[in-house]
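Let's take a walk through a structure together, starting with its helices and moving on to its charged side chains. Keep the model open beside the text as you read.

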Amino acid sequence: KNVPKTFHRNWSHSSMPLQYTKKSMKIIEQILNFVFPPRPSEALIQKAAMNQISLNKAEGIFENIKYLTKYENPLVGATIRENKYFNNSKATRLLGEVLKNSLLQLKGEVIIIPVPLSKERFRERGYNQVETIARYTGSLVKTDILERSVHTVPQTSLNKASRLKNVAGAYICKKPEEVNKLENTTIILLDDVVTTGATLNAARASLAPHLHPTSKLICLAIAH
């Protein structure tokens, strides 16, 4: 009862506790950065506006795969790495914004199928970095249709010829009947990065034969 009235007024007009206001969160971030210096890629992302990548999109087509931006952009490369290896929530949101804006161009039913990890890779990482991006958009995400049945060495360690061989036959469609029942639907087969196109094209090969004639399959990568 001894708390000043002004404190009560400020608290009641705030939509969240004082310790979570933007100003206080900024102070907390500065303290954490001093005690635990961020990775260079993490520091770059901290300074980025949420629409920064979306405003600098560089869309294109590579090996019949659409991509939304260029990996060589320092912020894009940092965001991809932070999302993939560190499950950085802001990185996920930045990439999710790019994807979400792209999906606005599509009409009708849209389903996103993230390129899956092998069971071994998923246990090692604890999450699928492509799925986290997909779920940010609010679109319907299906993770039970496509499976990576073969555990292989990471694609990043291989040349183009080896990448093609590495993922050949690595994906299977677990529910071909369900895919065939999807009428008038745009199915987005999503990956975070396309380098040679080997991964997405191998995944496409397992889904395309089961597609309903009225639906279409789009291979999409956030970056190239």
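A word on the ground rules comes before the tour. This is a predicted model, in which local features need pLDDT of at least 70 and side-chain atom pairs count only at pLDDT 80 or more, while totals for chains, interfaces and linings use all residues. Residues are numbered from 1 along each chain as its sequence is written, and side-chain values use heavy atoms, with hydrogens and water left out.

Let's begin with helix H6, which runs over residues 89-103. Helices here are DSSP runs of H or I with at least four residues, strands are runs of E with at least two, and both are numbered from the N terminus. The 15 residues of H6 reach 21 Å from the first C-alpha to the last, close to the 21 Å expected at 1.5 Å a residue; that expected span is 1.5 Å times one less than the number of residues. At the start of H6, Asn-88 places a side-chain oxygen within 2.9 Å of the backbone nitrogen of Lys-90. How much of H6 is covered? Of its 15 residues, 11 are buried, where buried means under 20% relative accessible area, exposed means over 50%, and partly exposed is in between (1.4 Å probe, protein chains only). Among these buried residues are Leu-94, Leu-95, Val-98 and Leu-99, but also the charged Lys-90 and Glu-97.

Helix H11 (residues 198-207) is another one to look at. Seven of its 10 residues are buried, so H11 is largely enclosed by the rest of the structure. The buried set includes Ala-198, Leu-200, Ala-203 and Leu-207.

Now for the charges. Side chains of opposite charge can pair when their charged atoms come close. The structure holds 11 salt bridges, each being a side-chain nitrogen of Lys or Arg within 4 Å of a carboxyl oxygen of Asp or Glu. In one of them, Glu-131 meets Arg-135, with the closest N and O atoms 2.8 Å apart. These two are four residues apart in helix H8 (residues 129-136), so about one helical turn separates them. Arg-135 is partly exposed, at 44% relative accessibility. Another salt bridge links Glu-42 to Arg-39 at 3.6 Å between the closest N and O atoms, and Arg-39 is partly exposed at 29%.

A salt bridge of 3.9 Å, N to O, joins Glu-147 and Lys-174. Glu-147 lies in strand S5 (residues 146-148) and Lys-174 in the loop between strand S6 (171-173) and helix H10 (176-180), so the pair ties together parts that are 27 residues apart in sequence. Salt bridges that share partners also join Lys-142, Asp-144, Lys-175 and Glu-178 into one network.

Strand S5 also holds Arg-148. What does this buried residue do without a salt bridge? The nearest side chain of opposite charge, Asp-191, is 7.4 Å away (Lys and Arg count as positive, Asp and Glu as negative; His and the chain ends are not counted). The side chain of Arg-148 reaches the backbone oxygen of Val-150 at 3.3 Å, and a polar contact of 2.9 Å joins the side chains of Arg-148 and Tyr-171. A polar contact is a pair of N or O atoms within 3.5 Å; within protein, one must be able to donate a hydrogen and the other to accept it, and residues adjacent in sequence count only if both atoms are side-chain atoms.

A search of the whole structure finds zero disulfides, a disulfide being a pair of cysteine sulfur atoms within 2.5 Å. Cys-173 is buried at 14% relative accessibility, and Cys-219 is buried at 2%.
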